[in-house]
Amino acid sequence: MPKVPLIGEVGRVADEGLEGLDHGFLTGKIEDLVKWSRARSCWPATFGLACCAIEMMAAGGAHYDLARYGMEVFRASPRQADLMIVAGRVSQKMAPVLRQIYDQMAEPKWVISMGVCASSGGMFNNYAIVQGVDQVVPVDVYAPGCPPGPETLMHAILTLHDHIQSGELTRRREPGVEGAGIVIDQRDGQTASQMILTR
């Protein structure tokens, strides 16, 4: 049987999915609900590599309580996670493993680069350390600090939630397109001038 071409709105929906539909009352509200639920149910994969991982664990503890954001369980399986928090320096040997875990995560997926070592290699400017995890996976939010405290990590998570809910990050990534690359402020009271004064 020859394929009958679809015309009008039905054809656009068949070709483009929900993006091809003019958003009316029902579809607009469903899309807002999906964005809201995605923002409130990020499940992080455990990927602590160095000292930043201790701060990430502290953020999951009772004092800071990530459970109020729907993130109480760090997933050991990448197939159940949609958020990767890269906490610490990434060695050249660990980079393929990091990419493999990222590829196994559920779509849509996001990445937070936690700390200066993950973001730019930090003080480890040598052949053994990847000089920025964005060379391996696309990074959506950069959390600065050495190490960033739980407050800074929570600020990065809330920034990511805002961008997910606004729909800015949920558009499909084309091949070769990097992450959002949002850089946030440090929120745990540790500034460059205070670090210099205390030495």
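This is a predicted model: local features need pLDDT of at least 70, side-chain atom pairs count only at pLDDT 80 or more; totals for chains, interfaces and linings use all residues.
Entry 1: I began with the overall arrangement and found an open sheet of five strands, paired in parallel and in the order 1-2-3-4-5. Strand 1 (44-45) and strand 5 (182-183) form the edges, each pairing on one side only.

**Entry 2: from strand 2 to strand 3.** I then looked up how strand 2 (residues 83-87) meets strand 3 (residues 110-114), and noted that the two run parallel and are joined by five bridges. Going through the residues, I found Ile85 opposite Ile112 and Ala87 opposite Met114. I also looked at helix 3 (residues 52-60), which packs on the sheet and touches both strand 2 and strand 3, with its direction at about 135 degrees to that of strand 2.

**Entry 3: buried or exposed?** I asked which residues of strand 3 are buried on each of its faces. In a regular strand the side chains alternate between the two faces of the sheet. On one side I noted Trp110, Ile112 and Met114, and on the other Val111 and Ser113, all of them buried, so that both faces are covered. Five of the five residues of strand 3 are buried, and therefore I wrote down that this strand is largely enclosed by the rest of the structure. Last, I followed the chain from strand 2 through helix 4 (residues 95-104) to strand 3, and recorded this β-α-β crossover as right-handed.

Methods:
Residues are numbered from 1 along each chain as its sequence is written. Side-chain values use heavy atoms; hydrogens and water are left out. Two strands pair if DSSP finds at least two bridges between them. Helices (H or I, at least four residues) and strands (E, at least two) are DSSP runs, numbered from the N terminus. Contact means heavy atoms within 4.5 Å. Axes are lines fitted to C-alpha atoms, for helices over the stretch in contact, and angles run from 0 to 180 degrees between N-to-C directions. Buried means under 20% relative accessible area, exposed over 50%, partly exposed in between (1.4 Å probe, protein chains only). A crossover is right-handed if, with the strands pointing away from the viewer, the path from the first strand over the helix to the second runs clockwise.
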